[in-house]
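Below is a short report on one protein model.

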Amino acid sequence: THKLNDFLTRYSIERGINVLDDEIVGINIPDGSNITSLKGEKQDYHYDFYVDCTGFKRLLIDKMGAKWQSYSKYLKMKEAIVFPTEYTDAIDPRGNEIPIWTLAKAMDAGWMFRIPVYNRKGNGYIFDSDFIDAEQAQREVEEYLGHGVDVAKHIKFDPGALDRPWIGNVCAIGLSASFVEPLEASSIGTSINQSFLLAQRLVNYNEATTNRYNKEVGAIMDNIRDFIALHYISPRRDTPFWQAVAQMPLPESLENNLAMWKDRMPTADDLTD
């Protein structure tokens, strides 16, 4: 991730984009509808348009009045621990030292991922803190792996998305706009979709443009929400977590699609707004 960031920074500079390193300490919205400037520790910044990529802080879009729409009614995961392991800790069944696939394994109160990268494996246990805490999650992981792990981060989150990711001259993209558990790694795809949609609509935009963008991104996130919820339709009932999951409601849109898919295969039209 850090190397990709460095590459994109060099790529941008080579193409004449100014890269500024500063800490934003103030936001000016005199008319309540558009940002006129940002106040940094080093200087002030005056631009026509701002993309909020400040992650969970949502530093700009929150000031514009955007509201977080939680998916917690349908998606129970709200905490995670992440930790690295070496390749020698988990050689894949075929004997390959560097597997070319990731693992998603169901656990007692959630699921664990394992992602091979160049010099290690990245891992995490995404869990429902209604049933276990971070220490219990770590013990379960260590029992599964057969050795201890050093937890690098303990993350808490509320799955969901903004009601309006584009307001005035500010558009939130990535973690600023939405976040669900990383099952199927949907965050990268949604960030790319949001970026393309913004690029296609940025020139001469007006209120109708922003309304259309927000509707399109909302439909994308509804599909992602339903896609993740689909993974938890399971006959498993061996732990309190899986028993609770079985009692959770499904989004109406997913219920309607499942009713159709009982008798035919899904089509692209089923997943468009």
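## An opening pair

With which arginine does aspartate 270 form a salt bridge? The partner is arginine 264, and the closest N and O atoms are 3.0 Å apart. A salt bridge here is a side-chain nitrogen of Lys or Arg within 4 Å of a carboxyl oxygen of Asp or Glu. Aspartate 270 is buried, at 15% relative accessible area. Arginine 264 is partly exposed, at 34%. Buried means under 20% relative accessible area, exposed means over 50%, and partly exposed lies in between (1.4 Å probe, protein chains only).

## Basis of the model

This is a predicted model: local features need pLDDT of at least 70, side-chain atom pairs count only at pLDDT 80 or more, and totals for chains, interfaces and linings use all residues. Residues are numbered from 1 along each chain as its sequence is written, and side-chain values use heavy atoms, with hydrogens and water left out.

## Other salt bridges

The structure holds 13 salt bridges. One of them joins arginine 58 to aspartate 62, with the closest N and O atoms 3.6 Å apart. Arginine 58 is buried, with 15% relative accessible area. Aspartate 62 is partly exposed, with 36%.

Another salt bridge links arginine 212 and glutamate 216, with 3.2 Å between the closest N and O atoms. The two residues are four apart in helix 4 (residues 207-230), so about one helical turn separates them. Helices (H or I, at least four residues) and strands (E, at least two) are DSSP runs, numbered from the N terminus. Arginine 212 is partly exposed, at 43% relative accessible area. Glutamate 216 is buried, at 15%. Elsewhere, salt bridges connect Lys76, Lys78, Asp128 and Asp130 in a network.

Strand 1 (residues 24-28) and strand 2 (residues 37-40) run antiparallel and are joined by four bridges. Two strands count as paired if DSSP finds at least two bridges between them. Asparagine 28 faces serine 37 of strand 2 across this pairing.

Strand 2 also pairs with strand 3 (residues 44-45), again antiparallel, over two bridges. Here lysine 39 stands opposite aspartate 44 of strand 3. Strands 2 and 3 make a hairpin, with three residues between them.

Two bridges hold strand 11 (residues 160-162) to strand 14 in the antiparallel sense. Alanine 161 has serine 178 of strand 14 as its bridge partner.

Another open sheet of three strands runs in the order 4-13-12, with mixed pairing. Its edges are strand 4 (50-52) and strand 12 (166-167); each has a single partner strand, so one side of each is left without a neighbour in the sheet. Strand 12 and strand 13 (residues 170-172) run antiparallel, joined by two bridges. Tryptophan 166 sits opposite cysteine 171 of strand 13.

## Nonpolar cores

In soluble globular proteins, nonpolar side chains tend to be buried together. A nonpolar core is a set of buried Ala, Val, Leu, Ile, Met, Phe, Trp, Tyr and Cys residues joined through side-chain atoms within 4.5 Å. The largest core has 43 residues, of which Tyr125, Val141, Tyr213 and Tyr232 touch the most other members. Strand 6 (79-85), strand 8 (110-116), strand 9 (121-127), helix 2 (134-145), helix 3, helix 4 and helix 5 (240-246) each supply at least two residues of this core. Helix 4 gives the largest share, six residues.

Which residues does tyrosine 232 touch, not counting those up to four places away in sequence? They are Met77, Trp111, Glu181, Leu183, Phe241, Trp242 and Val245. Contact means heavy atoms within 4.5 Å. A second, separate core has 13 residues, including Ile35, Leu38, Ile61 and Ala66.

## Alanine 199

Alanine 199 lies in helix 3 (residues 186-201). Is alanine 199 buried or exposed? At 55% relative accessibility, alanine 199 counts as exposed. Alanine 199 and valine 19 are 180 residues apart in sequence, and their C-alpha atoms are 19 Å apart in space.
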